[in-house]
4 protein chains.
Amino acid sequence: MDLNERRVRGIEFEKNTVFEIIKGMENTAFNARRLGYAGKLFRKMVENDYFIFLTLSGAMIPAGMRNIISGMMREGFIHSLVTTGANIVHEVVEAIGGRHEIGSEDADDIELANRNVNRIYDVYVSQNAFEMVENFLSPIISSLDGALSTPEFLRVVGGKLEDEESFLRIAYEKGIPVFSPTLHDSIIGLHLSIYRKKGFFIDFMKDINHMLDLCFQKKPIGVVIVGGGVPKNFTLQAMLLADGFDTAIQITTDSPQWGGLSGATLSEAKSWCKLKDNADEVTVYCDATIALPLLYAYLLEAI
Amino acid sequence: MDLNERRVRGIEFEKNTVFEIIKGMENTAFNARRLGYAGKLFRKMVENDYFIFLTLSGAMIPAGMRNIISGMMREGFIHSLVTTGANIVHEVVEAIGGRHEIGSEDADDIELANRNVNRIYDVYVSQNAFEMVENFLSPIISSLDGALSTPEFLRVVGGKLEDEESFLRIAYEKGIPVFSPTLHDSIIGLHLSIYRKKGFFIDFMKDINHMLDLCFQKKPIGVVIVGGGVPKNFTLQAMLLADGFDTAIQITTDSPQWGGLSGATLSEAKSWCKLKDNADEVTVYCDATIALPLLYAYLLEAI
Amino acid sequence: MDLNERRVRGIEFEKNTVFEIIKGMENTAFNARRLGYAGKLFRKMVENDYFIFLTLSGAMIPAGMRNIISGMMREGFIHSLVTTGANIVHEVVEAIGGRHEIGSEDADDIELANRNVNRIYDVYVSQNAFEMVENFLSPIISSLDGALSTPEFLRVVGGKLEDEESFLRIAYEKGIPVFSPTLHDSIIGLHLSIYRKKGFFIDFMKDINHMLDLCFQKKPIGVVIVGGGVPKNFTLQAMLLADGFDTAIQITTDSPQWGGLSGATLSEAKSWCKLKDNADEVTVYCDATIALPLLYAYLLEAI
Amino acid sequence: MDLNERRVRGIEFEKNTVFEIIKGMENTAFNARRLGYAGKLFRKMVENDYFIFLTLSGAMIPAGMRNIISGMMREGFIHSLVTTGANIVHEVVEAIGGRHEIGSEDADDIELANRNVNRIYDVYVSQNAFEMVENFLSPIISSLDGALSTPEFLRVVGGKLEDEESFLRIAYEKGIPVFSPTLHDSIIGLHLSIYRKKGFFIDFMKDINHMLDLCFQKKPIGVVIVGGGVPKNFTLQAMLLADGFDTAIQITTDSPQWGGLSGATLSEAKSWCKLKDNADEVTVYCDATIALPLLYAYLLEAI
């Protein structure tokens, strides 16, 4: 315990850029300090040639975070993505011309249902968008055979998408593995169960093996965890067999005292050896729709 | 909007049983009122012969909620369970004689790691317990062939367990389907990837079809949602193709305003037609380790 | 760090009373364990003749917790109350025949405003109730002179109330000091500013001196903190000059990681010497409308 | 309910300034959209010559937000401050040369106590700092006579401070009223109770009258609420007698479903007529240490 080491000085607003403001937050407290430190760690990972996983839970694509994922892939800020089936569905919606609309969390949900509009907190998406996804995916699914991991399946999908802003397309072009260990827990899961030919199936065991290969790379390995859930657990768990992450950033709105994984501290992960015992780590308790754009803008400026 | 309809009277403590106290909470406010109403809805579902799903996320088995799940199955309070791979792992740990220990959330995680003790908030589990699971499961896994749904796989496991308190065993005996759509996202997933023979795989598409069959039953269908995550989404999603749940209870510590599924209101689910538009529903914002035992004790007394 | 000391056994439901269930929670985890431990500590304080403060923030009286406060005073479970001006206002509303109604958090607030109905989450209170308070209090206020502490002022008020369920009346009868360090931050504050004669004022410095006297008693001193805010801070702060509380229980829905007092751990209070360094303490993260009735019923049964 | 009105487009990162990023958040969802809208409303208030209150709860001064408050006063972004006694204490600490240190929330609190270091989450402050405050304030307190409102008392204090970064000094210079309706609930309260001469007292009724005068001004009136508590309630409550705020922004980490004031929606305040029924309002659920610097930087750039 070091007392009197460093003064809480606050942020200097003279150089008013995202990078300077976020960097200045290191001299404050609470979650601002955590956010400042997260920026520093992310930058360190990128500049030191880490292999960086991004795990992404929560409705981040409907919430307008899509171009950040695309941008992070393009800029080389992340090297693998692990996300929910739902985020994959909504990525495809956008990539094939569907849209998410600005809505209200106070809407009359029964009226929305009658209009075939689905609500995700304050975002609307028309059921029509899912029909577009079905029309796009069903011939792809029907054409497949054998056992595919989700990165293999999503690579096929990415190759068929023409939207240059699509992160599935960018992942396809750049050879970035995109895992979706809950792909079946989404509308695509329903499509898979309807349209697949006998002989084709998603083999999640191949996902595990692929993930293990990535975790055994001979370079420092980092992880940026957005929002807990299976993407967090699936990624951390792979390290049970490897040496543990070298650096980790977590952005969550959950709290430790409920005992669940999404709010669990990264220190807890050290007891499982999912992080190395000397790993640098920080958790930012903040809505990721705020923290993620700030970290991205920070990196764009810093690197 | 009905004003002046019913007075906030508070709880009467004369008849001091769990049932009376929880029932009395209907005359209060905030989450006590929600808990009282959840008891009422759960009782209504049981008494009116609903088919009731329990979705269970969060480390509920390590946290000592195991005998509640067993008890609910035995008493006929639930008819299907949908839970995480982690809860299945910890159920097997207990069923084969392993144990979870009362620990501290303030522990030194690196010391724990050095002692091969893993921490789940304030619960400890020795790595040795997972080796026991591996020794128990590996011959079972190696003996299997073909495509199994998770209920089929867990039925095999349940049949091998001798512990009478095991909910997997009770489910086996009573023919209760136990789904684990994230089974691969657990230590069992690692075991599956290591020990399975060529030809055996978990086919989550069969889970989807099985779930759909259950959702198309000609009786009222209810759901008790503990803690969000994939178990919640996977169960609700099946209703996209069916008519929607008739009654729903949700226990969560997450909040709506973060926009994620785990905190999403059940009203939001109505916009997706996952609940019928006239479905009775209530969300209790409370740690499930508190709310679940209370609801179980309430039902034991009421029914 | 004691490993393998005590098994997470879960609750036994054979003896299905509130006391047995809450006691059983000590063998679980997360907030159930905390609640079980809170019951144990509260019982210990009562049985060992502690002087016990209850600090009460949040709209607990509108929420139907009033008879618990009255009951705790009557049973000797608490010996001083520190609460908000708002809770005092709503206590007077109930004591003079006004009422709180069961409402809905989804109400149309503008329609409510037009009907002169004020909303507190899912509770309604008519503006008429506040007029009743004004009519009741204005002659009392006008009759007073000199500098009164809030316990002195509230003792006058309690002496005028005839409702036997009124905790202000019970406090008056039993000589229990009721502090309201934010009395002016309430509708009573507005009444005080309108109706007081020159020469009468609430002197909060007398509150501080009175509180210090209580903190210097030669017996063990405990505190049950419901919900943070000024009642928490004001009570803990008095111990800056005394020796610190011997035992403390905190019930809150706030979280430590936001850095505010309402979610601050009781360990943090030890760095300020507001708690003795060896004080037993526990925080239960739970809506107090759930935890408080349970603890009260637990004590009724245990003592 | 307007469907399909506006697309969730996400943020454009070409013009990478705080203003552009926060403005871009209006095209996203969840709390990013709320933050973007808060920026827009704050700017509207400043540009349209509103009288703007800032209510400030939580340990914002220890957390390094002090120069933002000073800056907002200097720039004319706020015209009255309502804050806790604690924030006033820590402002004086900084203004007279004391300091807050970067600490750790995982510290050993008993060791800190032994070193006379007090902890506020991850900030340390030496007890010595409070002795400095006592030495500074005691002669001021001893010199005062009669009944002073907190703005009057704090004006005296501000006039004695020489630090140009002190917001109490700036308030003194610019005639900005600083209210602290919980001044007695702080270490200054202890000092007041010790050092005041007979005849001097803080008269909070004068605070109420002063606040009412400000609320009756003939110009649009707005409020920026940081963190609930008494500062929020005291400020909103004054509008019970006036016409209600025209515009309101709230930054909180609390949630509506716990029923307390700090998490209460601004819509709820409309049922009390504390906000006009057509008032623009937005709540940002975010740690204020993150949201406040961003809004300040946004305004510096926009205006």
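Author: In this predicted model, C:I225 has C:Q250 as its bridge partner in strand 10 of chain C. The two strands concerned, strand 9 (residues 221-226) and strand 10 of chain C, run parallel and are joined by 5 bridges. Strands here are DSSP runs of E with at least two residues, helices are runs of H or I with at least four, and both are numbered from the N terminus. Two strands are said to pair if DSSP finds at least two bridges between them. Residues are numbered from 1 along each chain as its sequence is written, and chains are lettered from A and ligands numbered from 1 in the order in which they are written. Because the model is predicted, local features need pLDDT of at least 70 and side-chain atom pairs count only at pLDDT 80 or more, whereas totals for chains, interfaces and linings use all residues.

Strand 10 of chain C (residues 245-252) is largely enclosed by the rest of the structure, since 8 of its 8 residues are buried. A residue is buried if 20 or more other C-beta atoms, placed from the backbone, lie within 10 Å of its own; it is exposed if there are 12 or fewer, and partly exposed in between. For strand 10 of chain D (residues 245-252), 8 of the 8 residues are likewise buried, so that strand too is largely enclosed. In chain D, strand 9 (residues 221-226) and strand 10 pair in the parallel sense over 5 bridges, and D:V226 stands opposite D:I251 in strand 10.

In chain B, 6 strands form an open sheet in the order 7-2-1-9-10-11, with parallel pairing. Strand 7 (178-179) and strand 11 (275-285) of chain B stand at the edges, each with a single partner strand, so one side of each is left without a neighbour in the sheet. Strand 10 (residues 245-252) and strand 11 of chain B run parallel and are joined by 7 bridges, and B:T252 stands opposite B:Y285 in strand 11. Helix 2 (residues 30-47) of chain B lies across strand 1 (51-56), strand 9 (221-226), strand 10 and strand 11, at about 130 degrees to strand 11. Such angles run from 0 to 180 degrees between N-to-C directions, with axes fitted to C-alpha atoms, for helices over the stretch in contact. Chain A has an open sheet of 6 strands in the order 7-2-1-9-10-11, also with parallel pairing. There, 4 bridges join strand 1 (residues 51-56) to strand 2 (residues 80-83), which run parallel, and A:T55 has A:V82 as its bridge partner in strand 2.

Contacts between chains come next. C:I208 belongs to helix 10 (residues 204-215) of chain C and is buried, with 24 other C-beta atoms within 10 Å. Leaving aside its neighbours within four places in sequence, C:I208 is in contact with D:H184, D:G189, D:L190 and D:S193, contact meaning that the C-beta atoms of two residues, placed from the backbone, lie within 7 Å. The C-alpha atoms of C:I208 and C:A238, which are 30 residues apart along the chain, are separated by 7.2 Å.

Between chains C and A, 7 residues of chain C are in contact with 7 residues of chain A. The side of chain C that touches chain A has 4 nonpolar, 3 polar and no charged residues; Ala, Val, Leu, Ile, Met, Phe, Trp, Tyr, Cys and Pro count as nonpolar, Asp, Glu, Lys and Arg as charged, and the others, Gly among them, as polar.

Between chains A and D, 54 residues of chain A are in contact with 54 residues of chain D. Helix 13 of chain A gives the most to the side of chain A that touches chain D, with 7 residues. By class, that side has 28 nonpolar, 12 polar and 14 charged residues.

As to confidence, chain A averages a pLDDT of 96, and 98% of its residues score at least 70; pLDDT is the predictor's confidence in each residue, from 0 to 100. The predictor gives the complex an ipTM of 0.97 and a pTM of 0.97.
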